[in-house]
Amino acid sequence: MSRLIRCECGFVARGDREDDVITTIRQHMGEDHPALLESVAIEDLRGWIEMD
Ligand SMILES: [Zn+2]
């Protein structure tokens, strides 16, 4: 079972481990939504994770 976070823009970060998904979504935010990256904490991101 993999984990995923859906970005508000439609981007989906997937991974087998929570840390992988968080790394991927933070990398995406840094490129596309730098302001969001600064305002969202790691703990918030953990709450956004869905199981697939
Ligand atoms: Zn996005």
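What share of the contacts in the protein with a separation of 6 or more comes from residues 24 or more positions apart? Then take me through the hairpin of β1 and β2 and what surrounds it.

Reply: Residues 24 or more positions apart account for 30% of those contacts. Two residues are in contact if their C-beta atoms, placed from the backbone, lie within 7 Å. Residues are numbered from 1 along each chain as its sequence is written. This is a predicted model: local features need pLDDT of at least 70, side-chain atom pairs count only at pLDDT 80 or more, and totals for chains, interfaces and linings use all residues.

Start with the layout. The protein has three helices and three strands. From the N terminus, the order is β-β-α-α-α-β. Helices (H or I, at least four residues) and strands (E, at least two) are DSSP runs, numbered from the N terminus.

Now the hairpin. β1 covers residues 3-6 and β2 covers residues 12-15. They pair in the antiparallel sense over four bridges. Two strands pair if DSSP finds at least two bridges between them. Leu4 stands opposite Arg14 in β2. Arg6 has Val12 of β2 as its bridge partner. Five residues lie between the strands, and Gly10 takes a positive phi near 110°.

Next, the sheet. The three strands form an open sheet in the order β2-β1-β3, with antiparallel pairing. β2 and β3 (50-51) stand at the edges with a single partner strand each, so one side of each has no neighbour in the sheet.

What lies across the hairpin? Helix α1 (residues 18-32) lies across β1 and β2, and runs at about 150° to β2. Axes are lines fitted to C-alpha atoms, for helices over the stretch in contact; angles run from 0 to 180 degrees between N-to-C directions.

The largest nonpolar core has five residues: Ile5, Ala13, Val21, Ile25 and Met29. α1 gives the most to this core, with three residues. A nonpolar core is a set of buried Ala, Val, Leu, Ile, Met, Phe, Trp, Tyr and Cys residues joined through C-beta atoms within 7 Å. Buried means that 20 or more other C-beta atoms lie within 10 Å of a residue's own, again placed from the backbone. Nonpolar side chains tend to be buried together in soluble globular proteins. Here, buried residues make up 10% of the 52 residues.

Leaving aside neighbours within four places in sequence, Ala13 is in contact with Leu4, Ile5, Val21, Thr24, Ile25 and His28.

Notes. Buried ≥ 20, exposed ≤ 12 C-beta atoms within 10 Å, placed from the backbone.
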